[in-house]
Amino acid sequence: MKPRWRSAVYAAILATITGGCGNSSGTDAVTASRQPKGDPVRGEQLYQQCAACHSLASNATGPKHCQLIGRQAGSLPDFDFSPAMRESGLIWDAQTLDEFLTSPISYVSGTRMGFAGFSDAEDRADVIAYLYQVNEDPATCPAG
Ligand code: HEC
């Protein structure tokens, strides 16, 4: 009886520890995940706000968004980035995009991106899910 009782306690402790680790970053699970759980269909609608300045396959007022995931911030050779963006040292993924899109000017102080940000975590998760979906889709983002 004793060993079984013990292992149940250990299992409960383990569950507490692993649960605690999962939340250690202090952000919610959706936004902290490397694989965003957002809705890319809703994200495509929200992307219309980005499309005032951005397009997927070519530079406009803002840099193109194809092949964004895994890209070093400010690294496209044919776009005139701010020094702040070029020197930010960021690599774009679900986490950095979530933080940037919360408030671009606070996250990259001195950025030229004139967009206030999305205060709603779900809006950010959805637009990030869309950016992941199109990132390497040959239909929207042909290589090169
Ligand atoms: C008013 C114009 C404007 C809007 C709207 C806008 N952006 Fe931008 N964005 C820019 C500009 C300009 C830059 C370059 C910033 C710099 O160099 O500091 C940029 C840069 C970026 C970058 C960095 C890209 C890289 O290669 O490093 C990302 C990511 C980005 N924007 C995402 C978005 C998303 C997602 C939205 C919509 C939610 C959005 N932007 C809305 C103008 C805009």
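Reply: Before we read the chain, one definition is needed: helices are DSSP runs of at least four residues, strands are DSSP runs of at least two, and both are numbered from the N terminus. Please also keep in mind that this is a predicted model.

Me: With that in hand, how many helices and how many strands are there in the chain?
Reply: The chain has seven helices and zero strands, and, read from the N terminus on, its elements run α-α-α-α-α-α-α.

Me: What share of the 144 residues in the chain do buried residues make up?
Reply: A residue counts as buried if 20 or more other C-beta atoms lie within 10 Å of its own. In this chain of 144 residues, 22% are buried. As for how the chain meets itself, 56% of the contacts between residues at least 6 apart in sequence join residues at least 24 apart.

Me: Which residues touch the most other members of the largest nonpolar core?
Reply: The general idea is that, in soluble globular proteins, nonpolar side chains tend to be buried together. Here the largest nonpolar core has 19 residues, and those touching the most other members are Leu97, Val127, Ile128, Ala129, Tyr130 and Leu131. Two elements, helix H5 (94-102) and H7, each give two or more residues to this core, and H7 gives the most, with eight residues.

Me: How many residues does H7 have, and what does it reach from its first C-alpha to its last?
Reply: H7 has 15 residues and reaches 21 Å from first C-alpha to last, which is close to the 21 Å expected at 1.5 Å a residue. Its buried residues are Arg124, Ala125, Asp126, Val127, Ile128, Ala129, Tyr130, Leu131, Tyr132 and Val134.

Me: At what angle do the axes of helix H3 and helix H7 cross?
Reply: The axes of helix H3 (residues 40-50) and helix H7 (residues 121-135) come within 7 Å and cross at roughly 95°. Angles of 65 to 115 degrees count as roughly perpendicular, and H3 and H7 are therefore roughly perpendicular to each other. On the H3 side the contact is made by Pro40, Arg42, Gly43, Glu44, Leu46 and Tyr47, while H7 brings Asp123, Asp126, Val127, Ala129, Tyr130 and Gln133. Sorted by class, this contact of H3 with H7 has six nonpolar, two polar and four charged residues.

Me: Which residues does valine 127 touch, not counting residues up to four places away in sequence?
Reply: Valine 127 touches Gly43, Leu46, Tyr47 and Leu101, once residues up to four places away in sequence are left out.

Me: Is aspartate 123 buried or partly exposed?
Reply: Aspartate 123, found in helix H7, counts as partly exposed because it has 17 C-beta neighbours inside 10 Å. Aspartate 123 touches Leu46 and Phe118, not counting residues up to four places away in sequence. The pair of aspartate 123 and leucine 46 shows how sequence and space can be read side by side, for the two are 77 residues apart in sequence and 7.4 Å apart in space, C-alpha to C-alpha.

Me: Which residues is phenylalanine 100 in contact with, leaving aside its neighbours within four places in sequence?
Reply: Phenylalanine 100 has its place in helix H5 and counts as buried, with 23 C-beta neighbours inside 10 Å. Leaving aside its neighbours within four places in sequence, phenylalanine 100 is in contact with Tyr107 and Val108.

Me: Finally, where is the place of proline 104?
Reply: Proline 104 is in helix H6 (residues 104-107) and is partly exposed, with 18 other C-beta atoms within 10 Å. Proline 104 touches Thr111, Met113, Phe115 and Gly117, not counting residues up to four places away in sequence.

Technical notes: Residues numbered from 1 in each chain as written. Predicted model: local features only at pLDDT ≥ 70, side-chain atom pairs only at ≥ 80, totals over all residues. Axes fitted to C-alpha atoms, helices over the stretch in contact; angles between N-to-C directions. Parallel < 35°, antiparallel > 145°, perpendicular 65-115°, else oblique. Contact = placed C-beta atoms within 7 Å. Nonpolar A, V, L, I, M, F, W, Y, C, P; charged D, E, K, R; others polar. Expected span 1.5 Å × (residues − 1). Buried ≥ 20, exposed ≤ 12 C-beta atoms within 10 Å, placed from the backbone. Core = buried A, V, L, I, M, F, W, Y, C linked by C-beta atoms within 7 Å.
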